[in-house]
Amino acid sequence: MMASIGEFDPLNTRVPATKIEVTVSCRNLLDVDTFSKSDPVVVLYLQAAGTKEWREFGRTEVIDNTLNPDFVRKFVLDFFFEEKQNLRFDVYNVDSRSCNISKHVSDFLGQTFCTLGEIIGSTGGRLERTLSGIPGKKCGVIIFSAEELSNCRDIATMQLCANKLDKKDFFGKSDPFLVFYRSNEDGTFTICHKTEVIKNTLNPVWQPFTIPVRALCNGDYDRTVKVDVYDWDRDGSHDFIGEFTTSYRELSRGQNQFNVYEVLNPKKKGKKKKYINSGTVTLLSFKVESEYTFVDFIRGGTQLNFTVAIDFTASNGNPSQPTSLHYMSPYQMNAYAMALKAVGEIIQDYDSDKLFPAYGFGAKLPPDGKVSHAFPLSGDSDNPNCVGIEGVLEAYFQSLRTVQLYGPTNFAPVITQVANCAAEITDGSQYFVLLMITDGVISDMVQTKEAVVNASSLPMSIIIVGVGPAEFDAMEELDGDEVRVSSRGRLAERDIVQFVPFRDYIDRSGNQVLSMARLAKDVLAEIPEQLLSFMKSRGIEPRPALSTSPLPELHRHI
């Protein structure tokens, strides 16, 4: 029990995901009932990462006798920006009240596929899709709207003090601190906050602290919150003073007579007849603020601008040889194509124009063999955009046929190029993500660090994926997780670089889909926080969710 307190790491306790509520409507469904209109139901299936298997997640209610249903029952899904969350919606006509959908195969009304990211990333969080699946028939449309559940984003700030705590230290008073736990469905407790230690006092006043409401109670305001009071000891064997329980709802009432808690020690209570308590803890203040989330900005119209830069240096090997990292096999994608597709397919859901600038660096270009460290893969210096991720892949393969791999490996020119674009739009309407894929060690580390420090004050993140067997130690220096990047005495304002070696994610059984899902999950996980840190540092608030064209007014069947 005591060990777990010392090991508590607030950064690694997995807080429940953002929850997204998806509402479904259909228009102009097929009419398959002879004497009345169809009685539709929508069934949602989810696909596990790296598998082809679909599993039923849930279904709406059945609405009788309508071709234009607005379903009341919502789907509540956990949203992870860094994962490609594939969804399949099947629409059926239910003429008997059997739970077995397979009995209604004859009354299949159509289906559609999308990702949760596509729904959230569409204008105003509203996506319209055509239903298909019945040859030769128009199956109508299905409309989704996504909303984030509000208790996900509340942040509580509170301050507590204690009076007359038990004296635990031989030579002095106690050194008290508090440990907060949220209760789980199964009756166990998960640590969620630890205050600082106040030395040598029985009447401590702790600093105010901030905690996400979902970390405290997972959205259930009446769920028990347990608080333990300890006396800190240097050797880690902290002495238990006592405990009390409360709930988010009680705490949210703020400072009053009910928010004074007796600290009880069950062992003492059992042994001493005259035992009253081991002191009291008082709530001094409590306030709740809504913290803006990544989804708020996306729904308010913030676009993610995705740019790709690919390493065309000679160390990759001759592209016509199977040993080359750029080898174009007819049977499988090379590591560059896999990394590009893995990251791009997720980010594209949040970029409405689907135009992606793509560059190469470290090659000699025709006709005169000049070396370039930021040449457009499209071959058009006025327009580096490619249409969709497939367009980027095509331009990449085309460039391999026309340029000569050379060197050195210079990162700074491409970073500076994207930073110049980001510097023009700092109002929160655009956020730039640069994906750099490389096989080796940076040649211009000093200039690259300077470029990263300059870019850290802009709406921009950089993802670096290392491919091949090289040692990538120098890259860790750019990934500011341990030590913030600095250049000429200037520290980066934010940590904006995420570096990973692709080899750490390759599935041993050769499942490329799984390798790509693992890579994307890790490199994209920090993007939402990086976007929020920029917006917060500039005091930018999300715009109101973009209004969408209302659903066609129809006689509503509910």
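This briefing covers the overall build of the protein, its charged side chains and a few individual residues. The structure is a predicted model. The protein contains 13 helices and 28 strands, and its C-alpha atoms fill a box of roughly 90 × 80 × 45 Å when taken along the principal axes.

**Overall build**

- Of the 558 residues of the protein, 52% count as buried, while the protein exposes about 26,600 Å², of which carbon and sulfur atoms supply 51%.
- Among the contacts between residues at least 6 apart in sequence, 71% join residues that are at least 24 apart.
- Ser-122 and Ser-145 are 23 residues apart in sequence, and their C-alpha atoms are 9.2 Å apart in space.
- Ser-122 lies in the loop between α2 (116-121) and β7 (126-130), and it counts as buried because its relative accessibility is 11%, under the cut-off of 20%.

**Charge across the protein**

- The protein carries 58 positive and 72 negative side chains, with the centres of the two sets lying 6 Å apart.
- Glu-471, Asp-473, Glu-476, Asp-481 and Glu-482 gather on the surface in a patch of negative charge.
- One of these patch residues, Asp-473, is placed in helix α11, which spans residues 473-478, and Asp-473 counts as exposed because its relative accessibility of 56% is over the cut-off of 50%.

**Salt bridges**

- Side chains of opposite charge can pair when their charged atoms come close, and the count for this protein comes to 21 salt bridges.
- Arg-88 forms a salt bridge with Asp-90, in which the closest N and O atoms are 2.9 Å apart; Arg-88 counts as buried at 15% relative accessibility, and Asp-90 likewise counts as buried at 2%.
- Lys-449 forms a salt bridge with Glu-477, the closest N and O atoms being 2.5 Å apart, and this pair links distant parts of the chain, with Lys-449 in helix α10 (residues 445-455) and Glu-477 in helix α11, 28 residues apart.
- Within that pair, Lys-449 is buried with a relative accessible area of 18%, whereas Glu-477 counts as partly exposed at 40% relative accessibility.
- Asp-507 and Arg-518 meet through their side chains in a salt bridge of 3.5 Å, N to O, and this pair too links distant parts of the chain, from the loop between β28 (497-501) and α12 (512-524), where Asp-507 lies, to helix α12, which holds Arg-518.
- Asp-507 counts as buried at 9% relative accessibility, whereas Arg-518 is partly exposed with a relative accessible area of 37%.
- Lys-84, Lys-341, Glu-345 and Glu-390 are linked in a network of salt bridges.

Conventions: Residues are numbered from 1 along each chain as its sequence is written. This is a predicted model: local features need pLDDT of at least 70, side-chain atom pairs count only at pLDDT 80 or more; totals for chains, interfaces and linings use all residues. Side-chain values use heavy atoms; hydrogens and water are left out. Patches are made of residues with over 30% relative accessible area and no salt bridge: like charges are joined within 9 Å, nonpolar side chains (Val, Leu, Ile, Met, Phe, Trp, Tyr) within 5 Å. Accessible areas come from the Shrake-Rupley method with a 1.4 Å probe; for residues, only the protein chains shown count as cover. A salt bridge is a side-chain nitrogen of Lys or Arg within 4 Å of a carboxyl oxygen of Asp or Glu. Lys and Arg count as positive and Asp and Glu as negative; His and the chain ends are not counted. The place of a charge is taken as NZ of Lys, CZ of Arg, CG of Asp or CD of Glu. Helices (H or I, at least four residues) and strands (E, at least two) are DSSP runs, numbered from the N terminus. Buried means under 20% relative accessible area, exposed over 50%, partly exposed in between (1.4 Å probe, protein chains only). Contact means heavy atoms within 4.5 Å.
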